[in-house]
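Student: I am new to this structure, and I would like to learn how to read its contacts, its helix packing and its pockets. Could we take them one at a time?

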Amino acid sequence: MNGRRLWAVVLKELRQIRRDRVTLAMIVGIPLLQLILFGYAINLNLRHLPAAIADEARTSQSRQLAMDMIATGVIAPVAEANSAQELMRLLRRGEIRVGVAIPADVERRLARGEEAVQVLVDGSDTVVQSAALPLAQLPLARRAEGTPSSSVPLPAAPIGVVSFYNPQRVSAINIVPGLIGIILTMTMVMFTAVGIVRERERGNMELLIATPLGRAELMIGKVLPYGLIGLVQTSLVLLLGLLLFAVPIRGSVLDVYWASLLLILANLSMGLLISTRAQSQFQAMQMTFFIFLPSILLSGFMFPFDGMPRPAQWIAEALPLTHFLRLIRGIMLRGAGLAELWPEVLALLGFIALMMTLAIARFRKRLD
């Protein structure tokens, strides 16, 4: 083996890596991205869960109960409710994760040692269930008879925690709906990211240039077949989830497909934008990886969204998978409709419009 020739090959590869900006970005970016995500953004110790308190008693003692629960740091009120029924509506819409119902006769129940406070938990996320359980251990107090200035501690039994949508804490019920989003994100973005690049590498762009197709017609025409593939993938996951794991669909099946179609279009448009930047199929796959890694880690699929610091949540809000997970879990597990989840629908529609506009603007129907 000749050392000079070997060193020449090594130098050649180093120069090629230096010229390949995407590969250079992956060498530095992947370790940095994973370090930040796993060390900073991911937190399994949930605190300040979005909550609402329905205080029907409106007494000094009921207000003290509410303040004691907030003081634990487990919940943070983000909405108002006047009854347990309103709490259920907020849970179904995904606006809160925990609801606290204090009945009008709370003092009488405390005096009798009965269940005085009910904590309603969105059990579609098993991590949220576990995080809310400490509320059941919160010690309450009632005033001792004849001594209005003192109080008698009560056991935690007067607080009841009720988990909805997945009371048995079956992990498959939470995971399978999210898998629809993961599969669609991984396949749809990659299919379209590689699509136009493959046409350029194979020389087929010359044939497309010779046609009277406009830019929008060409790009939309290339994504429509993949949209049908995405709907087939959705049907396959739904069917297997029902047959193998008994995953319920409590909402409208049609809403499930509409939500899936929104994610499909969002991912396809993102893949098209990547394809206008990538110079080779390998580069297209590299760029896809940079989208997929934050999506799977920050969207709430693997790790709880509520446990992330605020900057990480801002990044997650820019990812279509984050909004789809809220949609699909709301429809399948909580029985919500698209109209109730309209903020997530608008977010996906805005993402689709932005990505398609940028992709069409960047595409040039000519040879590079």
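Tutor: Let us begin with contacts, bearing in mind that this is a predicted model. Contact means heavy atoms within 4.5 Å, and, leaving aside residues up to four places away in sequence, Ser 163 touches Val 121, Gly 123 and Gln 129.

Student: Where is Ser 163 found, and how far apart in space are Ser 163 and Val 98?

Tutor: Ser 163 lies in strand S7, which covers residues 159-164. Although Ser 163 and Val 98 are 65 residues apart in sequence, their C-alpha atoms are 9.4 Å apart in space.

Student: At what angle do helix H7 and helix H10 pack?

Tutor: Helix H7 (residues 171-201) and helix H10 (residues 253-275) pack at about 35°, and their axes are 7 Å apart. The crossing of H7 past H10 is right-handed. Among the residues that make this contact are Leu 184, Met 188 and Arg 200 of H7, together with Leu 263, Asn 267 and Leu 272 of H10. By class, the residues of the contact comprise 13 nonpolar, 7 polar and 1 charged.

Student: What volume does the largest pocket have, and which residues are the closest to its centre?

Tutor: The volume of the largest pocket is about 850 Å³. Its lining has 34 residues, of which Pro 50, Gly 94, Phe 305, Asp 306 and Arg 326 are the closest to the centre.

Student: Which domains and elements supply the lining of the largest pocket?

Tutor: Domain 1 (3-42 + 171-362) and domain 2 (49-137) each give at least three residues to the lining, while strand S2, helix H12, helix H13 and helix H14 each supply at least two. Sorted by class, the lining has 13 nonpolar, 7 polar and 14 charged residues.

Methods: Residues are numbered from 1 along each chain as its sequence is written. This is a predicted model: local features need pLDDT of at least 70, side-chain atom pairs count only at pLDDT 80 or more; totals for chains, interfaces and linings use all residues. Side-chain values use heavy atoms; hydrogens and water are left out. Axes are lines fitted to C-alpha atoms, for helices over the stretch in contact, and angles run from 0 to 180 degrees between N-to-C directions. Helices (H or I, at least four residues) and strands (E, at least two) are DSSP runs, numbered from the N terminus. A crossing is left-handed if the near helix is turned anticlockwise from the far one by less than a right angle, and right-handed if clockwise. Ala, Val, Leu, Ile, Met, Phe, Trp, Tyr, Cys and Pro count as nonpolar, Asp, Glu, Lys and Arg as charged, and the others, Gly among them, as polar. On a 1 Å grid over the protein atoms alone, a cavity is a set of points where a 1.4 Å probe fits but cannot get out, and a pocket is an open set with protein on both sides within 12 Å along at least five of seven lines; lining residues have an atom within 4 Å of a point. Grid points are joined across faces, edges and corners, and a volume is the space filled by probe spheres set on the points. Domain bounds come from an automatic or database domain assignment.
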